[in-house]
Amino acid sequence: MLNRIPTAYIPWIVLAASVATLGGAYFFQYALGYAPCHLCLQERIPYVFAIGAALVAGVLAREANLGILPVIFIGLCAAAFAVGTVLSAYHAGVEYKWWPGPSSCTGGGLVANSLEALQTELQTGKHLPQCDSAAWTLFGISLAGFNFLISLALFILSAQPLIRFFREAHGEE
């Protein structure tokens, strides 16, 4: 199925999916009131990076023959989503209690983990979110779990131009 997607369209699909995913994260944060934890905020960085790289790759792409420069930029997207996949898998594992998370972002939730967190809690009256408790789930999958699935899909999609480029370079079809 991935072979049916024209190579020149992939940067634009990656760009649109990245903007939509990041927009969804901001919607959950600002419209629905789900404050992101430290790991959630870190998981957004690959999307911001990929938006810029995909935009450059899309602008530089010409018809079916991408050339080397757009392939480099879409390769940067693949690298960003590889990092995003690892980050979100780690975060989901922390939420599901498969392994411990960072001590600065996990705990019983009764006492703030740092002076800044305590000060924020006292000033706002809101408890800062913990990385080891899912704020929202659907069918037992947390937002970090959905982010893992989205990052993995975007990694696979953004790796396709690289695979095609190297196959063509080696004379394979």
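These legends walk through a predicted model, from the whole fold to a few close-up views. Residues are numbered from 1 along each chain as its sequence is written. Local features need pLDDT of at least 70, side-chain atom pairs count only at pLDDT 80 or more, totals for chains, interfaces and linings use all residues, and side-chain values use heavy atoms, with hydrogens and water left out.

View 1. Helices (H or I, at least four residues) and strands (E, at least two) are DSSP runs, numbered from the N terminus. Reading from that end, the order of elements is α-α-α-α-β-β-α. Of the 173 residues, 35% count as buried, where buried means under 20% relative accessible area, exposed over 50%, and partly exposed in between (1.4 Å probe, protein chains only). The protein exposes about 10,200 Å², and carbon and sulfur atoms supply 68% of it; these areas come from the Shrake-Rupley method with a 1.4 Å probe, and for residues only the protein chains shown count as cover.

**View 2. The largest nonpolar core, with 14 residues.** Such a core is a set of buried Ala, Val, Leu, Ile, Met, Phe, Trp, Tyr and Cys residues joined through side-chain atoms within 4.5 Å. Val14, Ile74, Cys77 and Phe81 have the most contacts inside this core. Helices H1 (10-31), H2 (38-60), H3 and H5 (143-169) each give two or more residues, and H2 brings the largest share, five. Have a look around Val14: leaving aside neighbours within four places in sequence, its contacts (heavy atoms within 4.5 Å) include Ala54, Leu154, Leu157 and Ser158.

View 3. The 28 residues of H3 should span 40 Å at 1.5 Å a residue, and the end C-alpha atoms are 40 Å apart, which agrees; the expected span is 1.5 Å times one less than the number of residues. Serine 88 lies in this helix and counts as buried because its relative accessibility is 0%. Beyond residues up to four places away in sequence, serine 88 touches Glu43, Ala144, Asn147, Phe148 and Ser151. After H3 comes lysine 97, with a positive phi near 65°.

**View 4. A nonpolar patch on the surface.** Four residues, the largest share, come from helix H3 (residues 68-95). Leucine 69, in H3, is partly exposed, with a relative accessible area of 45%. Patch members have over 30% relative accessible area and no salt bridge, with like charges joined within 9 Å and nonpolar side chains (Val, Leu, Ile, Met, Phe, Trp, Tyr) within 5 Å; a salt bridge is a side-chain nitrogen of Lys or Arg within 4 Å of a carboxyl oxygen of Asp or Glu.
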